[in-house]
Amino acid sequence: MIHQEAKEKNIRLFVAYPLPQELWKDAETIRLKNEKIATIRWTPLQNLHITIFFLGEVHSFNLDKIKEKTRSEVSASSPFSLQFEKISLQQGRKHSGMVWMKFLKDEKFSALSKRLQDSLEEFLL
């Protein structure tokens with residue numbers, strides 16, 4: 001999954017993996033336990049993801065090249081498993097914030113993230 005936020009001809013981009021559906025039940029349990037907190041805006045389950053890394057601002061006309069390089073690096077990577085560590089809160093811009101699921105460090109995941117960052121840095125503005 002490559003997520004983008006439109007901004008004229010440039011886009012803010014991060015590379016992410018969709019949260020596996022078998023974890024949706026756990027995420028929904030967390031939401032239900034906290035649904036009475038009026039200031040929380042919950043992300044739909046199908047939009048939950050594991051961020052591999054934030055790329056930054058890129059020209060939108062490079063999106064196809066970025067997708068192809070991402071596919072190539074991911075298909076060449078070794079399988080990995082992420083072990084859940086904790087949930088934490090991070091304050092966002094203004095009054096918003098995010099709930100983060102933290103995972104223990106995994107060398108194969110870290111290597112994939114690094115290879116993706118290296119192969120995509122040419123597209124940064």
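**Legends to close-up views of a predicted model**

The chain exposes about 9,500 Å², of which carbon and sulfur atoms supply 53%; accessible areas come from the Shrake-Rupley method with a 1.4 Å probe, and for residues only the protein chains shown count as cover. The model is predicted: local features need pLDDT of at least 70, side-chain atom pairs count only at pLDDT 80 or more, and totals for chains, interfaces and linings use all residues. Residues are numbered from 1 along each chain as its sequence is written, and side-chain values use heavy atoms, with hydrogens and water left out.

**View 1. Overall fold of the chain.** Three helices and five strands make up the secondary structure, in the sequence order β-β-α-β-α-β-β-α. Helices (H or I, at least four residues) and strands (E, at least two) are DSSP runs, numbered from the N terminus. Of the 125 residues in the chain, 22% are buried; buried means under 20% relative accessible area, exposed over 50%, and partly exposed in between (1.4 Å probe, protein chains only). Among contacts (heavy atoms within 4.5 Å) with a separation of 6 or more, 66% join residues 24 or more positions apart.

**View 2. The largest nonpolar core.** A nonpolar core is a set of buried Ala, Val, Leu, Ile, Met, Phe, Trp, Tyr and Cys residues joined through side-chain atoms within 4.5 Å. The largest one has 14 residues, and those touching the most other members are Leu-13, Phe-53, Leu-55, Val-58, Ile-66 and Leu-120. At least two residues of this core come from each of β2 (10–18), β3 (49–59), α2 and α3.

View 3. Five salt bridges are found in a search of the whole structure, each being a side-chain nitrogen of Lys or Arg within 4 Å of a carboxyl oxygen of Asp or Glu. Side chains of opposite charge can pair when their charged atoms come close. Lys-69 and Glu-122 pair at 2.7 Å, N to O. Lys-69 lies in helix α2 (residues 63–75) and Glu-122 in the segment after α3 (107–120), so the pair ties together parts that are 53 residues apart in sequence. Lys-69 is partly exposed at 31% relative accessibility, whereas Glu-122 is exposed at 54%.

**View 4. Salt bridge between Arg-115 and Glu-73.** The side chains of these two residues meet at 3.2 Å, N to O. Arg-115 is in helix α3 and Glu-73 in helix α2, so that distant parts of the chain, 42 residues apart, are linked. With a relative accessibility of 30%, Arg-115 counts as partly exposed.

**View 5. Salt bridges around Arg-31.** Arg-31 and Glu-35 form a salt bridge of 3.4 Å, N to O. Arg-31 has a relative accessibility of 23% and is partly exposed; Glu-35, at 44%, is also partly exposed.

View 6. Phe-84, Ile-87, Leu-89, Val-99 and Met-101 make a nonpolar surface patch of about 480 Å². Patches are made of residues with over 30% relative accessible area and no salt bridge; like charges are joined within 9 Å, and nonpolar side chains (Val, Leu, Ile, Met, Phe, Trp, Tyr) within 5 Å. Strands β4 (84–91) and β5 (97–103) each supply at least two residues of the patch, and β4 gives the most, with three. Leu-89 is in strand β4 and is exposed, at 71% relative accessibility.
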